[in-house]
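Dear colleague,

I am handing over the structure that we spoke about, and you will find it just below.

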Amino acid sequence: SFVFLNENLYFNNTVYMIISDSLKYFIGILNSRLNKWYFPLIASGLGKGGCRYFKIFVEAMPIPSINNLLRSEIEKLADEIISITKNENYSEDKQSQIRVQNLEEEIDNLVYQLYELTSEEIDLIKRATEFK
């Protein structure tokens, strides 16, 4: 749902953008499993098709203050994901897809640390988002 673009693009009113020195940090949090669990609780739904990421809902996300150590780890992982998925053969390369899934899981674990979640809370989130 959230992507990093470092290109000059024009888009219409159904696309939103975030401008920040910490974009990859925010993208890591916003694409995390925690957010996949939390966002539907606060946003307009599209039935079983997902959620509407309107500005008012994204702004309501409780994102913790930047922790520089975790920020650099999240950004490093995000850079690796961006690098892997830019490859034109990514959609056919199962090993790359598995690597990206593993990197996303590493980001999820860092996000859990940011929010100081307990193992019970993490298990709840994992069960609730297992098939999403």
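**What was found**

Not counting residues up to four places away in sequence, Thr129 touches Arg33, Lys36 and Trp37, where contact means heavy atoms within 4.5 Å. This is a predicted model, in which local features need pLDDT of at least 70 and side-chain atom pairs count only at pLDDT 80 or more, while totals for chains, interfaces and linings use all residues. Residues are numbered from 1 along each chain as its sequence is written, and side-chain values use heavy atoms, with hydrogens and water left out.

Thr129 is placed in the segment after helix 6, helices being DSSP runs of H or I with at least four residues, numbered from the N terminus. With a relative accessible area of 5%, Thr129 is buried, a word that stands for under 20% relative accessible area, whereas exposed stands for over 50% and partly exposed for what lies in between (1.4 Å probe, protein chains only). The side chain of Thr129 also makes a polar contact with the side chain of Arg33, at 3.3 Å; such a contact is a pair of N or O atoms within 3.5 Å, and within protein one must be able to donate a hydrogen and the other to accept it, while residues adjacent in sequence count only if both atoms are side-chain atoms.

In helix 2, which covers residues 33-42, the residues Leu34, Asn35 and Phe39 are buried. Seen down the axis of helix 2, its buried residues fall within an arc of 105°, so they line one face of the helix; the arc is that of the directions from the helix axis to the C-beta atoms. Helix 1, helix 3 (55-59), helix 5 and helix 6 are among what covers these buried residues of helix 2.

Leu30 and Met61 are 31 residues apart along the chain, yet their C-alpha atoms are separated by 8.7 Å.

Finally, please look at Glu116, which lies in the loop between helix 5 (94-114) and helix 6 (119-128) and counts as exposed at 69% relative accessibility. Glu116 has a positive phi of about 55° although it is not a glycine. Most residues other than glycine have a negative phi.

Methods:
Helices (H or I, at least four residues) and strands (E, at least two) are DSSP runs, numbered from the N terminus.
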